[in-house]
Amino acid sequence: HLRAITLDTVRRDGTSQGQITPAQVTWLRQQLAQAGNRWIIVLSHNPLDASQGGDLALQALDQNAHVVAAISGNRHKNVVTRHRRFWLIGTSSLADFPQQARMFRLRRTSTGVALETWMVDHDGKGLAGISRELAYLDAQGGRPQHFAGTRNDRNVRLYVPAG
């Protein structure tokens, strides 16, 4: 009941900014059409709203009533924002504070679906525990810059109405 589409947003010229080419947007439109009546999530390393050419990819997603979310990393910060009828979800880095991973569950509702997302910690033993302590102590890093995001960027239930 779910179709996951992954976009390669990595630039090969050595910069960390994302890039979506016109050919990728064409491919994305084909994948969206092939999804049929399944709910759709789109995954990418770079956020589409911050990638060169990402506006065209977002336009393609806007035109499909089954898109639930575009999920990305590379911001190194937890963030959840609405983009018209679907959600843009960014996840913090596993290397920086708060060193958490994001989990997802898609559930049917009486009016569409709800995408539930929550953060999980690693067990904190051995090197993982030392790494988490060092990340917390990094005075210039993710903790003072609030990379963990707000409460609504972390553990939330996001509703998407049926098309």
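A residue counts as exposed when its relative accessible area is over 50%. In this predicted model, Leu 127 has a relative accessible area of 71%, so Leu 127 is exposed. Leu 127 sits in helix H3, which covers residues 126–137.

Turning to how the helices pack, helix H1 (residues 22–34) and helix H2 (residues 54–62) have axes that come within 10 Å and cross at roughly 15°. Because angles under 35 degrees count as roughly parallel, H1 is roughly parallel to H2. As for the hand of the crossing between H1 and H2, it is right-handed.

The backbone has a couple of spots worth a look. Most residues other than glycine have a negative phi. Gln 99, though not a glycine, has a positive phi of about 50°. Gln 99 is found in the loop that runs between strand S5 (86–90) and strand S6 (100–108). With a relative accessible area of 3%, under the 20% cut-off, Gln 99 is buried. His 146 is another non-glycine residue with a positive phi, here near 60°. The loop holding His 146 lies between H3 and strand S8 (156–161). His 146 is exposed, its relative accessible area being 56%.

Then there are the charged pairs. Side chains of opposite charge can pair when their charged atoms come close. The structure holds 7 salt bridges. One of them joins the side chains of Arg 11 and Asp 13, with an N to O distance of 2.7 Å. Arg 11 counts as buried, at 16% relative accessibility.

Glu 116 turns up in two of the pairings described here. With Arg 105, Glu 116 forms a salt bridge in which the closest N and O atoms are 2.7 Å apart. Glu 116 lies in strand S7 (residues 112–121) and Arg 105 in strand S6, so this pair ties together parts that are 11 residues apart in sequence. Glu 116 also forms a salt bridge with Arg 107, and there the closest N and O atoms are 3.1 Å apart. Glu 116 itself is buried, with a relative accessible area of 4%, whereas Arg 105 counts as partly exposed at 44% relative accessibility. Arg 107 is likewise partly exposed, at 40%. These salt bridges are part of a network that links Arg 105, Arg 107, Glu 116 and Arg 157.

How values were computed: Residues are numbered from 1 along each chain as its sequence is written. This is a predicted model: local features need pLDDT of at least 70, side-chain atom pairs count only at pLDDT 80 or more; totals for chains, interfaces and linings use all residues. Side-chain values use heavy atoms; hydrogens and water are left out. Helices (H or I, at least four residues) and strands (E, at least two) are DSSP runs, numbered from the N terminus. Buried means under 20% relative accessible area, exposed over 50%, partly exposed in between (1.4 Å probe, protein chains only). Axes are lines fitted to C-alpha atoms, for helices over the stretch in contact, and angles run from 0 to 180 degrees between N-to-C directions. Angles under 35 degrees count as roughly parallel, over 145 as roughly antiparallel, 65 to 115 as roughly perpendicular and the rest as oblique. A crossing is left-handed if the near helix is turned anticlockwise from the far one by less than a right angle, and right-handed if clockwise. A salt bridge is a side-chain nitrogen of Lys or Arg within 4 Å of a carboxyl oxygen of Asp or Glu.
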